[in-house]
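Please keep the sequence and the three-dimensional view at hand while reading.

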Amino acid sequence: VAELDGQELSATAAGALGHAIAMQAYLALQVHDLGRARELAATAATAAGADDPKLPIRTAIIEGICDLLDSGTSSRASMLSLLASADDHLDETYSSGYSNLTYLDVEQRRLADATDLLGKSIPLTIERDLPICRVWQIGSRGRLKFIQGDWDEALVDSDWVLSEHSAPLARTWPHVVRGLITLRRGEDASADLDHAWELACGLSEPMRLLPVAAALVEQAWLTGNDDNRLAACRDLLADAPKAGLEWARGELASRLRRLDPSFTAVDVAEPYRLEFAGEHEAAADMWSTLGDPYEQALALLDTGRPDPRRTGFDLLDRLGAAGTAAWFRLHLRSKGVTNVPARRREATLANSAGLTARQIEVLALLRDGLTNAELARQLYISPKTADHHVSAILTKLGVNTRRDAVRSARKLNLIA
């Protein structure tokens, strides 16, 4: 820009220059250099003059993401308003805004908002034939379902993304999600987590490096195996920016504390802060409200009290986190705890309707006439997730009502 100052450019050249600078702004945003990202976005916005209608949208999206990282929800409404203006002519520019906003909704644990927005944006990427954005957003949906405890559906999304010919950036989350589910189920997750670490290191972006580092530390904790990357994971936490990364910092810090009980950290999201302060039940309540049953279970198990501990084991067993539950059972018994709850019986997965274990659980509760809100409370999931389970059950059984689903399930001997 300095070299071209004072020179007249054609509209085409000016537009190309503006978009090139906007790309630099986006890359600065990805490495969390928010000041430079804002500066470059402002330069890009003026580079093309008034001849390129897409460039102001592109730079406004970048500035909006910077605001979200700085201040969270307070700037989300303006981003939604900007994106809503594109409903009739959605293209890659607008859809990338949805991709980044839904990513941040998941990252900053606005899970209900993420569910609603992905439910709108993914169909748009299919309708308007935007495959890059579709792959990215399905990867984000996989991570969302993973956090919410719907691991089977998270694996469906992750496997789909990894089966596609997609950019490396879109493959990081699916590898992390698939690796962590495998790990928590008590199986070898090293292949997926190694792939995720390689991709994250190649990108050098804190938003992706921190969660992958947390996954590696969790692997070391649950398996008891040393990992020569642990020192790099600790250094990441010390050097990582703070704005907008409180959740990723908290997750990594909490996993490092599993390896070293004296480890502490600041600038982490509130439920992690509560855990570091020893307020485990308050943290568990917050995780429950947010809709993250795995973190809720860990907080309950850390209370040291029998009743919350029993609920924590129950949550892990419902999730199918056999590896994590086994670690805690072994750890407690080694400490001389005698009333460690036994593992829950697993519902059979083999049935003629093809229902999952969780769907069988939901069916049994439908028999008792529970509403979606009551199902959610009983199963420690969100009402939205409960609604998805009920819809899936009706579809698989080929019926239209809950009552008919119960009748069909009884005929198939799926429930008593």
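Over residues 346–350, how many contacts beyond four places in sequence does the model have? The model has six such contacts for residues 346–350, a stretch over which the pLDDT stays under 50. The structure is a predicted model, and its protein chain has an average pLDDT of 87.

**Confidence**

- A pLDDT of at least 70 is reached by 92% of the residues in the protein chain.
- Residues 1–6 have a pLDDT below 50, and this stretch has four contacts in the model beyond near neighbours in sequence.
- Where pLDDT is low, the predicted coordinates should not be read in detail.

**Overall architecture**

- The protein chain contains 22 helices and zero strands.
- Its radius of gyration is 23 Å, close to the 22 Å that the globule rule gives for 416 residues, so the protein chain is as compact as a globular protein of that length.
- Taken along the principal axes, the box filled by the C-alpha atoms of the protein chain is roughly 80 × 55 × 35 Å.
- Of the 416 residues, 53% count as buried.
- Among contacts between residues at least 6 apart in sequence, 56% join residues at least 24 apart.

**Aromatic pairs and the charges over them**

- A search of the whole structure finds 10 aromatic pairs.
- One of these pairs is formed by Y103 and W173, which are tilted, with 6.1 Å from centre to centre and 35° between the planes.
- Y103 belongs to helix α5 (residues 92–107) and W173 to helix α9 (residues 168–184), so this pair ties together parts that are 70 residues apart in sequence.
- Both partners are buried: Y103 has a relative accessible area of 4%, and W173 has one of 3%.
- Another pair joins W151 and Y294: the ring centres are 6.2 Å apart and the planes lie at 50°, so this pair is also tilted.
- W151 counts as buried at 2% relative accessibility, and Y294 is buried with a relative accessible area of 3%.
- Y103, W136 and W173 form one aromatic cluster.
- The ring of W173 also has the charged end of R143 sitting over it, 3.9 Å from the ring centre.
- Over the face of Y294 lies R184, at 3.5 Å from the ring centre.

**Residues with positive phi**

- Most residues other than glycine have a negative phi.
- H32 has a positive phi, near 70°, and is found in the loop between α1 (11–30) and α2 (34–47).
- Is H32 buried or exposed? H32 is buried, with a relative accessible area of 8%.
- R109 also has a positive phi, near 60°, and is found in the loop between α5 and α6 (111–127).
- At 7% relative accessibility, R109 counts as buried, because the cut-off for that class is under 20%.

- E205 is placed in the loop between α10 (190–203) and α11 (206–223).
- With a relative accessibility of 8%, E205 counts as buried.
- Which side chain makes a polar contact with the side chain of E205? The partner is the side chain of R208, at 2.6 Å.
- Leaving aside residues up to four places away in sequence, E205 touches Q30, V31, L169 and A200.
- Among these residues, Q30 falls within the range given for α1 (11–30), and L169 falls within the range given for helix α9 (residues 168–184).

**The position of E374**

- E374 lies in helix α20 (residues 372–379).
- Is E374 buried or partly exposed? E374 is partly exposed, with a relative accessible area of 34%.
- E374 and G354 are 20 residues apart along the chain, and their C-alpha atoms are separated by 24 Å.

How values were computed. Residues numbered from 1 in each chain as written. Heavy atoms only, no water. Helix = DSSP H or I, 4+ residues; strand = E, 2+ residues; numbered from the N terminus. Buried < 20%, exposed > 50% of the residue type's maximum accessible area, 1.4 Å probe, protein only. Polar contact = N/O pair within 3.5 Å; in protein donor to acceptor, adjacent residues only side chain to side chain. Contact = heavy atoms within 4.5 Å. Phe/Tyr/Trp six-rings, centres within 6.5 Å; stacked < 30°, edge-to-face > 60°. Lys NZ or Arg CZ within 6 Å of the ring centre and 35° of its normal. pLDDT = per-residue confidence, 0-100. Rg over C-alpha atoms; globule rule 2.2 N^0.38 Å.
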